[in-house]
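Visitor: Please walk me through this model. I want to know what the terms rest on.

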Amino acid sequence: MGETIEKRLKDYNGYQVYKIIDNKGTHNEATTYMLNDQDGDNINCFTSLAALKKFADTL
């Protein structure tokens, strides 16, 4: 069974950005990018970093 890896990326426009890889090393591996406010509360999740940045630019 794969593991879940969470890595904090560089902040974008004052928001925290995390890359989450579920089932690392398996055929069901999935990557999600998570946008959080500075308190660590989740705002939204995306399947690509480009989509996250586009959304953050509208906030």
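The talk below goes from the sheet to the helix.

Guide: This is a predicted model: local features need pLDDT of at least 70, side-chain atom pairs count only at pLDDT 80 or more, and totals for chains, interfaces and linings use all residues. Residues are numbered from 1 along each chain as its sequence is written, and side-chain values use heavy atoms, without hydrogens and water.

Visitor: What makes S2 and S3 a pair?

Guide: Strands are DSSP runs of E, at least two residues, numbered from the N terminus. Two strands pair if DSSP finds at least two bridges between them. S2 (residues 15–24) and S3 (residues 30–36) have 7 bridges, so they pair, in the antiparallel sense. One of these bridges joins Ile21 to Thr31 in S3.

Visitor: How do you know that S1 and S2 pair?

Guide: They too are antiparallel, over 7 bridges. Glu3 has Lys24 in S2 as its bridge partner. S1 and S2 form a hairpin with 2 residues between them. Asn13 in that turn has a positive phi of about 50°.

Visitor: Why are S1 and S4 called edge strands?

Guide: The open sheet has 4 strands in the order S1-S2-S3-S4, with antiparallel pairing. S1 (3–12) and S4 (42–46) each pair on one side only, which means they are the edge strands.

Visitor: Why is S1 called hardly covered?

Guide: Buried means under 20% relative accessible area, with a 1.4 Å probe and protein chains only. Among the 10 residues of S1, the count of buried ones is 0, so S1 is hardly covered.

Visitor: Where does helix H1 lie?

Guide: Helix H1 (residues 49–57) lies across S1, S2, S3 and S4. H1 runs at about 15° to S3. Such angles run from 0 to 180 degrees between N-to-C directions, with axes fitted to C-alpha atoms. A helix is a DSSP run of H or I, at least four residues.

How values were computed:
Contact means heavy atoms within 4.5 Å. Buried means under 20% relative accessible area, exposed over 50%, partly exposed in between (1.4 Å probe, protein chains only).
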